[in-house]
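Q: Could you take a close look at the sheet in this one for me? I'd also like to hear about any salt bridge that turns up.

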Amino acid sequence: MVDLKGKFQGNCNRTACQAPGATWYNHSTRLYYCEICAGMINKMNHVDSMRLFGHKLCTPGMFSETTSYVES
């Protein structure tokens, strides 16, 4: 069995959740979360993520280490 935790369209990386269909990329952990958990993470880390990254910590979509995010 392939571990899908934290993978794009796999299971949410949050251990307490593990919901399928994770499509929100966390630019700090570099793993994927479901929309609900990403929203909670963004709310709790808004000030720090804006200072460090210039955008929300979790953003929708598939990203790689070479992809830069520009919020529209």
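**The sheet, then the salt bridge**

A: Three strands make up an open sheet, ordered β2-β1-β3, with antiparallel pairing. A quick word on what you're looking at: this is a predicted model, where local features need pLDDT of at least 70, side-chain atom pairs count only at pLDDT 80 or more, and totals for chains, interfaces and linings use all residues. Residues are numbered from 1 along each chain as its sequence is written, and side-chain values use heavy atoms, with hydrogens and water left out.

Back to the sheet: β2 (31-33) and β3 (58-60) are the edge strands, each pairing on one side only. From one strand to the next, the twist averages 40° (axes are lines fitted to C-alpha atoms, and angles run from 0 to 180 degrees between N-to-C directions). Strands here are DSSP runs of E, at least two residues, and helices are runs of H or I, at least four, both numbered from the N terminus; two strands pair if DSSP finds at least two bridges between them. Strand β1 (residues 24-26) is joined to β2 by 3 bridges, and these two run antiparallel. Tyrosine 25 has tyrosine 32 in β2 as its bridge partner.

Now the salt bridge, meaning a side-chain nitrogen of Lys or Arg within 4 Å of a carboxyl oxygen of Asp or Glu. Searching the whole structure turns up 1. Arginine 51 pairs with aspartate 48, their closest N and O atoms 3.2 Å apart. Both sit in helix α2 (residues 46-52), and because they are 3 residues apart, about one helical turn separates them. Arginine 51 counts as exposed at 59% relative accessibility, while aspartate 48, at 39%, is partly exposed (buried is under 20% relative accessible area, exposed over 50%, partly exposed in between, with a 1.4 Å probe and protein chains only).
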